[in-house]
Amino acid sequence: MTLSSSLRRSSLVHRLGSVAAQAGPSRPFTTSEGSRPSIVHKRSLDILHDPWFNKGTAFSMTERDRLDLRGLLPPNVMTTQQQIDRFMVDLKRFELHARDGPSDTNALAKWRILNRLHDRNETMYYKVLIDNIEEYAPIVYTPTVGLVCQNYSGLFRRPRGMYFSAEDRGEMMSMVYNWPAEQVDMIVVTDGSRILGLGDLGVQGIGISIGKLDLYVAAAGINPQRVLPVMVDVGTNNEKLLKDPLYLGLQQHRLDGEDYLSVIDEFMEAVFTRWPHVIVQFEDFQSKWAFKLLQRYRNTYRMFNDDVQGTAGVAIAGLLGAVRAQGRPIIDFPKQKIVVAGAGSAGLGVVNATRKTMARMLGNNESAFASARSQFWLVDAKGLITEERPDIDPDALPFARKLRDVAHQGLREGASLVEVVSKVKPDVLLGLSAVGGLFSKEVLEALKHSSSTRPAVFAMSNPTKNAECTPEEAFSILGENAIFASGSPFSDVNLGDGKIGHCNQGNNMYLFPGIGLGTLLSGARVVSDGMLQAAAECLAAYMKEEEVLKGIVYPSISSIRDITKEVATAVIREAVAEDLAEGYRDMDAQELQRLDKEETLEYVKNNMWSPVYPTLVYRKD
Ligand SMILES: NC(=O)c1ccc[n+]([C@@H]2O[C@H](COP(=O)([O-])OP(=O)(O)OC[C@H]3O[C@@H](n4cnc5c(N)ncnc54)[C@H](O)[C@@H]3O)[C@@H](O)[C@H]2O)c1
Ligand SMILES: O=C(O)C[C@H](O)C(=O)O
Ligand SMILES: [Mg+2]
């Protein structure tokens, strides 16, 4: 079989695969309107109440007759676009009273409207999201998703996803079959212990799993029928929630130690037993468990931790951009001096992966790895981390500064952030501390003496109020040459004289969808360091020289679907190169190996779901 015919066959079989999936209670999503009809096993109101099948006012008259819908809908048949327009009028009404951007006072109201649409018509929901991603990602995802989690008890209407709780021990293997979809490709799971920078939100953390999966559908084209948000409820240590009579989760303190591990183990075993090819993304687990769980499962299951590994890749891409923006060659990257504020799952994930990247550039040997560590100064709540730190976190130990070095620099154990920045004069100051305003006037003033011509500030903590500083603060003190990125979206800054201070969004949303999609379509057994590195390098390479020189080190979210396609392609190619790829559906490992870059990209594109209504036909069970 020729390559192009095998590619054609693969997309055909993919479509047929979708049709085969209808045999159960599920429905297919096809990518072209004129393709095969979907077989449904319900009629009448049951269809209108089913978000997978519902088309609302867009049901044609013949379909209304076939499906016993006549009289149950207003008589005017709407086109998809008319439906969207009507919905948008409603949604935009709020804007009359709202300020734009992340501080939008009506963000929650918009989330409610979008959520109701999600409940009644998934196809339309994702079309609205994909077509207006720049405007509505900040509503369904960061920062509003944080507010949603904080207020989840009040906002909860219809359930979405699955809840596995400490009370379900011994039952998980059977209860996993309560989920109606025969096939699940992507699970995002949280235990709610560290939601964004908002702390322990217990069961209400389910909102972050839902928000991340919205991006999986919108950016990676994962079929929404095959995503599963999960909350593992092991209790909460949030005293307010423990006393709240309206709290929806288990009102007990968090399980710890072996008890905790046994719940997560049972959950993993259950989901991988029912769906052996699923990919599980761990999200917003407190650092205490994030690393342990990653080490425990990463060689056995198809899983990764977004906060540790996704964030690291996004940071590396931005750091490489900061070097290019200085007009320096990439090979100078290992010379960058980087101060990181925050030594939790995200901060440690970043320094570990960045050190490896530097070591690779320096020759990829032991001495390169050893010398790369001296490029980092790690500061946490207790100040600069040195070897003198009592009870040092073992994960931070490799980055503890040697006493001899810090004394030479006029620093000491526990030195404050402003002292560290003053003495080190770093090229980059990166915040993953969850402390809003940590990059104070004094800290930014100290950064003015950076040895870089374009000092870079990455205020990556979320949501908006937790950002270590705003772009206004950074540009007003550091001047127009500064590079700025934040985890949550901010607007660009008008610097006068027609100059713009560009605000980049440095968020792991640029990588996790592509890591998940690439892993799925390669059928890789595990998610390797190489696959993650390939994803990061692909994101870095996405930025053009002229953009980078303007201080634009991350792309606009409006191109996230295109970026994700490229990232997934890079991940697949790396999985193939490392001999980890086992193939996906009819694209077996050998065929995958034969694809060149363009053909891999085409394969990815052909396997991305788009929100188009399929034609429906009723057939009895
Ligand atoms: N932009 C992104 O893509 C992205 C990705 C992951 C996490 N984050 C954000 O990063 C933040 C941290 O996440 P985490 O999982 O590492 O949390 P964490 O709670 O595990 O770690 C926070 C760290 O910050 C340190 N810290 C607290 N106060 C400090 C201070 N005054 N000065 C310096 N350090 C201080 C703590 O000691 C700890 O080491 C959160 O706000 C999260 O939303 C952003
Ligand atoms: O959720 C985000 O926006 C990024 C990251 O995963 C975080 O925990 O802050
Ligand atoms: Mg997260």
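1. Quick definition before anything else: a residue counts as near a ligand here if one of its heavy atoms lies within 4 Å of it. Keep in mind too that this is a predicted model.

2. With that cut-off, the residues around ligand 2 are Y141, T142, R194, L196, K212, E283, D284, D306, D307, N462, N507 and N508. Sorted by class, that shell comes out as two nonpolar, four polar and six charged residues.

3. Which side chains put an N or O atom close to an oxygen of ligand 2? T142 has one at 2.3 Å, and D284 has one at 2.9 Å. On its own, ligand 2 has 260 Å² of accessible area, and the protein covers 92% of it.

4. Now for ligand 1. Its shell holds 26 residues, the closest being R194, S287, A343, S345 and N508. By class, the ligand 1 shell splits into ten nonpolar, 13 polar and three charged residues.

5. Polar contacts to ligand 1 come from side chain and backbone. The side chain of S287 places an N or O atom 2.3 Å from a ligand 1 oxygen. From the backbone, G344 has an N or O atom 3.3 Å from an oxygen of the ligand, and a polar backbone atom of A346 sits 3.0 Å from one. Ligand 1 exposes 870 Å² when taken alone, and the protein buries 84% of that. The elements giving two or more residues to this shell are α15 (306–325), α16 (345–361) and β8 (376–380).

6. On to the sheet. There is an open, five-stranded one with parallel pairing, in the order β2-β4-β3-β5-β6. Strands β2 (162–165) and β6 (303–305) are at the edges with a single partner each, so one side of each has no neighbour in the sheet. From one strand to the next, the twist averages 25 degrees.

7. How many bridges join β2 to β4 (residues 227–233)? Four, and the two strands run parallel. Within this pairing, Y163 stands opposite M231 of β4.

8. Two helices to look at against the sheet. Helix α13 (residues 257–274) packs on it and touches β2, β3 (186–190), β4, β5 (279–282) and β6, with its direction at about 150 degrees to that of β5. Helix α22 (residues 512–522) also packs on the sheet, touching β3, β5 and β6, and its direction makes about 160 degrees with that of β5.

Terms used:
Residues numbered from 1 in each chain as written. Chains lettered and ligands numbered in written order. Predicted model: local features only at pLDDT ≥ 70, side-chain atom pairs only at ≥ 80, totals over all residues. Heavy atoms only, no water. Polar contact = N/O pair within 3.5 Å; in protein donor to acceptor, adjacent residues only side chain to side chain. Areas by Shrake-Rupley, 256 points an atom, 1.4 Å probe, with all protein chains shown as cover. Nonpolar A, V, L, I, M, F, W, Y, C, P; charged D, E, K, R; others polar. Pairing = 2+ DSSP bridges. Axes fitted to C-alpha atoms, helices over the stretch in contact; angles between N-to-C directions. Contact = heavy atoms within 4.5 Å.
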